[in-house]
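Notebook open, viewer open. I'm jotting down what I looked up, one topic at a time.

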Amino acid sequence: HAALCVARGNLARARVEAEHICLAEECPAFTGLTKEHLWKLARLSMDPQVVRKLPTILSKLGIILVYVYALPGMKTDGAVFHLSTGHPVVAMSLRYPRLDYFWFTLLHELAHLVLHNDKLKEPVFFDVEGEESGLTEKAANRLAKYSLVDRNSWRNCTPKYDPSDRAVKIYASEQGVHPSIIAGLLARESGNYARYSKIINEHDVRAIIFQP
């Protein structure tokens, strides 16, 4: 119950901030999101600094992105909900400063808008470390993953057989995403986060977003 109260507290803060942004910036109406949108957004990950520009980029699609610091004890990385105006809001807690977690969480929340926008009557919370529960969460995870990498090439990609940093970077370049994303996906599948820790921890998303 305590964790749920904390999550709802952060959600309330995110809602207030999103409503303020919506009024101040006169966001265009949200007319839908496609898998192609997600694929193109994921390619922006090549530049770690782009996380500062994403709220502006998404606002042009009628989506409001807000960053809300995680409160102690909170096990939520992201949430998606709608304002009374119909604008979808993606709130990200930045609980972990890793670039791969950031992008997977963002794309997971946006995947809900692609797949289930008409069914989002209540806020949907996401814990990147949690177990997949329910078909909607599994579908959102799958779309997030295959927005980052091509499904067919991922199955037998070189880094699965050559665990070197070089192989990770070459494959990331081929896919058009940041190397930490490939390292994070490999670590998630294998459970071995130590192997790619240098690449995974190269950039601190919190520091980038909140830098003066």
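**Hairpin and sheet**

I started at the hairpin: β2 and β3 form it with five residues between them, and Gly86 in the turn has a positive phi of about 95°. My helices (H or I, at least four residues) and strands (E, at least two) are DSSP runs, numbered from the N terminus.

Before going on, a note on the source: this is a predicted model, where local features need pLDDT of at least 70 and side-chain atom pairs count only at pLDDT 80 or more, while totals for chains, interfaces and linings use all residues. Residues are numbered from 1 along each chain as its sequence is written, and side-chain values use heavy atoms, with hydrogens and water left out.

Strand β2 (residues 78-82) runs antiparallel to β3, and five bridges join them. I count two strands as paired if DSSP finds at least two bridges between them. Phe81 stands opposite Val89 in β3.

Next I looked at β1 against β3 (residues 88-92): they pair in the parallel sense over four bridges. Leu65 has Val90 in β3 as its bridge partner, and Tyr67 stands opposite Met92 in β3.

In what order do the four strands of the open sheet lie? I read β1-β3-β2-β4, with mixed pairing. β1 (64-67) and β4 (124-126) stand at the edges with a single partner strand each, so one side of each is left without a neighbour in the sheet. Neighbouring strands of this sheet are turned by 15° against each other on average, direction ignored; the axes behind that angle are lines fitted to C-alpha atoms.

**Two single residues**

I stopped at Leu94, in the loop between β3 and α4. Its phi is near 55°, a positive value in a residue other than glycine. Leu94 counts as buried, at 6% relative accessibility.

Cys22 was next, in helix α1 (residues 2-25). Cys22 is buried too, with a relative accessible area of 10%. Which residues does Cys22 touch, not counting those up to four places away in sequence? I found Cys27, Ile64, Leu83, Thr85 and His87, taking contact as heavy atoms within 4.5 Å. Cys22 and Leu83 are 61 residues apart along the chain, yet their C-alpha atoms are separated by 9.1 Å.

In α7 (residues 165-175) I listed Ala167, Val168, Tyr171, Ala172 and Gln175 as buried. They cover an arc of only 130° around the axis, which puts them on the same side of α7; the arc is that of the directions from the helix axis to the C-beta atoms. The face turned away from the buried side carries Arg166, Ser173 and Glu174, which are exposed.

What do the buried residues of α7 pack against? I got α2 (35-43), α5 (135-148), α6 (151-155), α8 (179-190) and α9 (197-200).

Gln175 in α7 comes out buried at 11% relative accessibility. Leaving aside neighbours within four places in sequence, Gln175 is in contact with Trp39, Arg43, Leu148, Val149, Asp150 and Ser153. Just after α7, Gly176 takes a positive phi of about 75°.

I checked α2 from its own side as well: Leu38, Leu41, Ala42 and Arg43 are buried there. Their cover includes α3 (54-59), α4 (99-116), α5 and α7.

**Whole chain**

I finished with the totals. The chain has ten helices and four strands, in the pattern α-α-α-β-β-β-α-β-α-α-α-α-α-α along the sequence. Buried residues make up 48% of the 212 residues.

For 212 residues, a compact globule would have a radius of gyration near 17 Å, and the chain agrees at 17 Å. That radius is taken over C-alpha atoms, and the globule rule is 2.2 Å times the number of residues to the power 0.38. Of the contacts with a separation of 6 or more, 73% are between residues 24 or more positions apart.

How values were computed. Buried means under 20% relative accessible area, exposed over 50%, partly exposed in between (1.4 Å probe, protein chains only). Axes are lines fitted to C-alpha atoms, for helices over the stretch in contact, and angles run from 0 to 180 degrees between N-to-C directions.
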